[in-house]
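Good morning, and thank you for coming. Please look at the structure on the screen while I go through its packing.

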Amino acid sequence: MTGNHTAESATAGKTATVIRYAVLFTVVLMAGAFVENPYYLQVLTFIGLNVILALGLNLLMGYAGQISLGHAAFYGIGAYGTGILTANYGISPWAALILAVLLAVIIAYLVGVPTLKLSGYYLGMGTLGFGMIVHILIREWASVTGGASGLVGIPSLSLGAISFESPRNYYLLVWFTVLAVIEICRRIVCSRMGRALRSIHDSENASRAVGVNTSDLKLKVFVLSAALAALAGFFYAHFVSFISPESFGFIASVRMVTMVVIGGMASIWGALFGAVLLTVLPEVLHSFADFEMVVYGMILITVMIFMPQGLTRGVIDIYERSKKGKLQ
Amino acid sequence: MQEILQYLFSGITSGAIYAIIAVGLCLLYNSTELINFAHGEFVMLGAMGLVTLWVHCELPLPVAFVITVAGVSLFGLVFERFAIRTVKTPDPIVLVIITVGASILMRGGAMLIWGKDPMGTPTFTDLPPLELGGAMLLFQSVWILLAALVLCLALHLFFTRTLRGKAMAACAISRKAAWLAGIPAEGMILLSFMMSTGAGAVAGIFIAPVTMSSYDMGTMLGLKGFCAAMIGGLGSLWGALAGGFLLGILEAMGVGLVSSGLKDAVAFLLLLLILYVRPGGLFRATEAARF
């Protein structure tokens, strides 16, 4: 894994990255220009939201090796934060964005300090418990959140004269954010911080021994991934204008983990792939809703047994091995 | 006062269930140091199995009980053989994702087989509720309490009196040393998986008559069982029993005295508190024996 990244920071890798970006950028623009069907634009927007979620969780799980089974809580905090502020109190959505993300950051900090001291199974249980508490709170605090019946009347976004009410404009808004987030994540991953994160994944004690402040770094990345989830929650709330607790429960957390696992832990482009696959699959398979859990379960088990680095990474490894075999 | 007693009774009933679930988790943790996130799903399978065999197929209760427990244990064996033993890199993060995946898979499968509607069963015996100090105790609660105590006693005897139990305890202490002494460690792990999932099924069977059984009941129960096991200090049999009762009673008091919406939040707040403050369990100070 580490070998790949040193290669990526080399010049050859740099041109490849630039090409990838150019391709992605063109694809995003072309889709924005030529896709007319509002349904397709909606699906593309959801893909963008899931990419933001997957990228955030990927930093935490894939790079730092810290599992979170309650990440939908931050998604929910972002969505409900902005929903409550704009629908109930009439605050401008952009001010609500800052407040909602700030709220997620503060909560992530307060939860992260004790939780990230845990490791392995205990961290899984701790984050799972946190996610459940937030879900219960959203469901039961009906006077503020609307309870189980959900929160309605979240306004659509607009910036000056530009209205994001049309699916095309919203699609472009979300995807430009996605491109920015991808770039931020790439810079973090290729920086000293990214290397330190990967060293925590390999051995926390060893990285502490070479002078990495592991607890501080884990907390930073946890807060960052929470902020990204809240950002996705913000876009989700203003896109669908109606939110209910079901979107932020345990299954939502598992879906996020599945995206990261498919995409390959510790791969930005893989996270993109995982998000695309898990958004498109339910749209293509009509009866998917019934099989959703079975499919996620199968994916998680098989990928983890055979390719613990994640599906994308695993497939690339197999491909490279077969190429080497041919050369010999 | 009467109300408090009533809450206490309902707390003891659910506490006994949590205790059985926690005991199952501890059994597995002791021999593999694995925490099975899918444990609650085995509880669900137990409840669903009983509903199917006893209510729908009209088998006599003891027969349905035995078939269900055996069936779920067999499922546990399959789970260990195919999903756990095949793992190349048994890091906790990998095993967490695998067991979470198994839990989602079983939940989804149960939804496809049994549908989404909750199903009820009659109580095991038609006896009227007992009246103690003005509060009512369902007779099913007596059965549940008996089940928890008998299970713990049986496991205690198994680990202290039988050769196989002692072999398993040896595996728990050091797998390599046990292997050197001629104990087939892999077989012991398989056995502890079967016992753990079997205990889960027992919990499911006994809880079926007091709550409705549905495909999604397992996650919550599994987490509460884990919470109880953590309170008792993971790995200790009697600690798990005490932790289960403590959690059940606190939860019932929370429901009765504060709000019923908070029922599930109590367990998780307690879980987080325990994880942060005393990860070794409440009773670790007295150095509880592992078995």
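Is Met44(B) buried or exposed? Met44(B) is buried, because 31 other C-beta atoms lie within 10 Å of it. A residue is called buried if 20 or more other C-beta atoms lie within 10 Å of its own, exposed if 12 or fewer, and partly exposed in between, the C-beta atoms being placed from the backbone.

Before I continue, a word on the model and its numbering. This is a predicted model, in which local features need pLDDT of at least 70 and side-chain atom pairs count only at pLDDT 80 or more, while totals for chains, interfaces and linings use all residues. Residues are numbered from 1 along each chain as its sequence is written, and chains are lettered from A and ligands numbered from 1 in the order in which they are written.

Let us return to Met44(B), which lies in helix H2 of chain B. Helices (H or I, at least four residues) and strands (E, at least two) are DSSP runs, numbered from the N terminus. Not counting residues up to four places away in sequence, Met44(B) touches Ala110(B), Gly204(B), Tyr215(B), Met217(B) and Gly218(B). Two residues are in contact if their C-beta atoms, placed from the backbone, lie within 7 Å. Between the C-alpha atoms of Met44(B) and Val72(B), 28 residues apart along the chain, the separation is 10.0 Å.

I now turn to helix packing in chain B. Two packed helices are described by the angle between their axes and the distance between the axes. Axes here are lines fitted to C-alpha atoms, for helices over the stretch in contact, and angles run from 0 to 180 degrees between N-to-C directions.

Helix H2 (residues 39–56) of chain B packs on H3(B) at an angle of about 145°, and their axes are 9 Å apart. H2(B) passes H3(B) in a right-handed crossing. A crossing is left-handed if the near helix is turned anticlockwise from the far one by less than a right angle, and right-handed if clockwise. The H2(B) side of this contact includes Phe42(B), Leu45(B) and Trp54(B), and the H3(B) side includes Leu61(B), Val72(B) and Phe75(B). By class, the contact of H2(B) with H3(B) has 10 nonpolar, five polar and no charged residues. In this scheme Ala, Val, Leu, Ile, Met, Phe, Trp, Tyr, Cys and Pro count as nonpolar, Asp, Glu, Lys and Arg as charged, and the others, Gly among them, as polar.

Helix H3 (residues 61–84) of chain B also meets helix H8 (residues 185–207) of chain B: their axes come within 8 Å and cross at roughly 140°. H3(B) is therefore oblique to H8(B). Angles under 35 degrees count as roughly parallel, over 145 as roughly antiparallel, 65 to 115 as roughly perpendicular and the rest as oblique. H3(B) passes H8(B) in a right-handed crossing. Among the residues in this contact are Phe65(B) and Phe79(B) of H3(B), with Phe193(B) and Ile205(B) of H8(B). They divide into 13 nonpolar, seven polar and one charged for the whole contact of H3(B) with H8(B).

How does H6(B) lie against H8(B), and at what angle do their axes cross? The axes of helix H6 (residues 163–173) of chain B and H8(B) come within 10 Å and cross at roughly 105°, so H6(B) is roughly perpendicular to H8(B). Ala167(B), Met168(B) and Cys171(B) of H6(B) make this contact with Ala185(B), Met188(B), Leu191(B) and Ser192(B) of H8(B).

Next, the interface. In total, 36 residues of chain B are in contact with 35 residues of chain A. On the side of chain B that touches chain A, helix H4 (92–114), helix H9 (218–231) and helix H11 (263–277) each supply at least two residues. H4(B) gives the most to that side, with 16 residues. By class, the side of chain B that touches chain A has 26 nonpolar, seven polar and three charged residues.

Finally, two residues with a particular backbone angle. Ser241(A) is not a glycine, yet has a positive phi of about 60°. Ser241(A) is placed in the loop between H11 and helix H12 (250–263) of chain A. Glu33(B), likewise not a glycine, has a positive phi of about 55°. The loop between helix H1 (2–32) and H2 of chain B holds Glu33(B). Glu33(B) is partly exposed, with 16 other C-beta atoms within 10 Å.
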